[in-house]
Amino acid sequence: GAVPHWLYPTVLRANGPLWSQVVIWSSIVGGFLTVIGIVLGIIQFRRWPSGRMSPYRGWFYWHHYAGLIFGVITVTFVISGTFSMNPWGFLEGGGGRGEIARLAGEAIPWSEIRASLESIKSAPPGDDVVEISTAPLAGKLFWLATRSDGSTERLNAAGTPAPVAPPDLRDAARRIAGTESIASEEMIADEDAYYFSHHEEVVLPAYRFVLNDAEHTRYYLDPKSAQIVSRVDATGRERRWLFDGLHRIDFAQWLRWRPLWDIVVIFLMLGGIAISGTGTWLAVMRVKRDLTFTRVPRTRDVPEQAE
């Protein structure tokens, strides 16, 4: 799936910039040709003297109707694929604004980290802990312990459980906001329009707050660690609809329900196959006809010579 879908042959993928340009320009050309096909299909769709709405026969007839029915979803799929490549910085986000540093606070000395590690080694938090990672907050050292079942727990510097309290989340939000005011903040138990699982799981419940800045930046915090798990600015919202919506067919939470999403996507993919399949067959037949066409030279009438 990945090799034909993302144009991933090794010889091309080995050159990242070249691969990127090939994908961008091939999708732009594909979108351009699809738009032309839709326009021509609409122009030809009218009642003809024969009483039919299409002037074509055979494979042309099926290509005409497949293009009219599935053409729009095809062009949106191709164009949204172009957006996923972020051509010319079209969906380039502004990046972070130092919020991670503000959340962590003052840098923790290595001596304190080393002493904490020794303490945890002498009294492990459990045999099923497979990973620990730092989760500093307001200049204090905390650890996030991940167990073999995927669950997590926050530990303090001594290695004992230190659950995040609601005041910790509110303080974390204000540290992240910096000089900006907070428009709204709440704990959410369900996904929203910009924080959802599609091919990957998201942390729920999550602490969501929205800034009063020009971009209405959204942040989502893990309530177990008070760490940032997602940040959505204006560019992120654009990408959500232009890529996740148009390319992944993900416009609402109910549409993610399986197997409904599978049925919708497979149906639309079959329509895309109908368009590209009939179009390719017609192109092959046209090329074959052009290559085997033999031009018969015309003979000129030569007047008889007088004897």
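User: What do β2 and β3 form, and which residue in the turn has a positive phi?

Analyst: β2 and β3 form a hairpin with four residues between them, and G150 in the turn has a positive phi of about 95 degrees. The model is predicted: local features need pLDDT of at least 70, side-chain atom pairs count only at pLDDT 80 or more, and totals for chains, interfaces and linings use all residues. Residues are numbered from 1 along each chain as its sequence is written, and side-chain values use heavy atoms, with hydrogens and water left out.

User: How do you know that β2 is joined to strands β1 and β3?

Analyst: Strands are DSSP runs of E with at least two residues, helices are runs of H or I with at least four, and both are numbered from the N terminus. Two strands pair if DSSP finds at least two bridges between them. Five bridges join β1 (residues 129-134) to β2, and these strands run antiparallel; I132 stands opposite A145 in β2. Five bridges also join β2 to β3 (residues 152-156), again antiparallel, and W143 has L155 in β3 as its bridge partner. Both pairs therefore meet the criterion of at least two bridges.

User: Why is strand β2 called mostly covered?

Analyst: Buried means under 20% relative accessible area, exposed means over 50%, and partly exposed lies in between (1.4 Å probe, protein chains only). In β2 (residues 142-147), six of its six residues are buried. F142, L144 and T146 lie on one side and W143, A145 and R147 on the other, so both faces are covered.

User: What makes the largest nonpolar core, and which residues touch the most other members?

Analyst: A nonpolar core is a set of buried Ala, Val, Leu, Ile, Met, Phe, Trp, Tyr and Cys residues joined through side-chain atoms within 4.5 Å. The largest has 16 residues, among which F209 and L221 touch the most other members. α7 (166-177), β5 (206-211) and β6 (218-221) each supply at least two residues of this core, and α7 gives the most, with five residues. Apart from this core lies another, of eight residues, among them I113, I120, L141 and L155.

User: Which residues are in contact with L221 beyond its neighbours within four places in sequence?

Analyst: With contact taken as heavy atoms within 4.5 Å, the partners of L221 include L169, A172, A173 and I176, as well as Y207, F209, I228 and V229.

User: What makes the phi of L7 and that of H216 worth noting, and are these residues buried or partly exposed?

Analyst: Most residues other than glycine have a negative phi, and most peptide bonds are trans. Phi of L7 is near 55 degrees, and L7 lies in the loop between α1 (2-5) and α2 (10-13). H216 has a positive phi of about 50 degrees and lies in the loop between β5 and β6. L7 counts as partly exposed because its relative accessibility is 31%; H216 is partly exposed because its relative accessible area is 43%.

User: Where does P205 lie, and is the peptide bond from L204 to P205 cis or trans?

Analyst: The peptide bond from L204 to P205 is cis, with omega near 0 degrees, and P205 is in the loop between β4 (182-188) and β5. The bond from R258 to P259 is also cis, with omega near 15 degrees; P259 is found in the loop between α8 and α9 (260-292).
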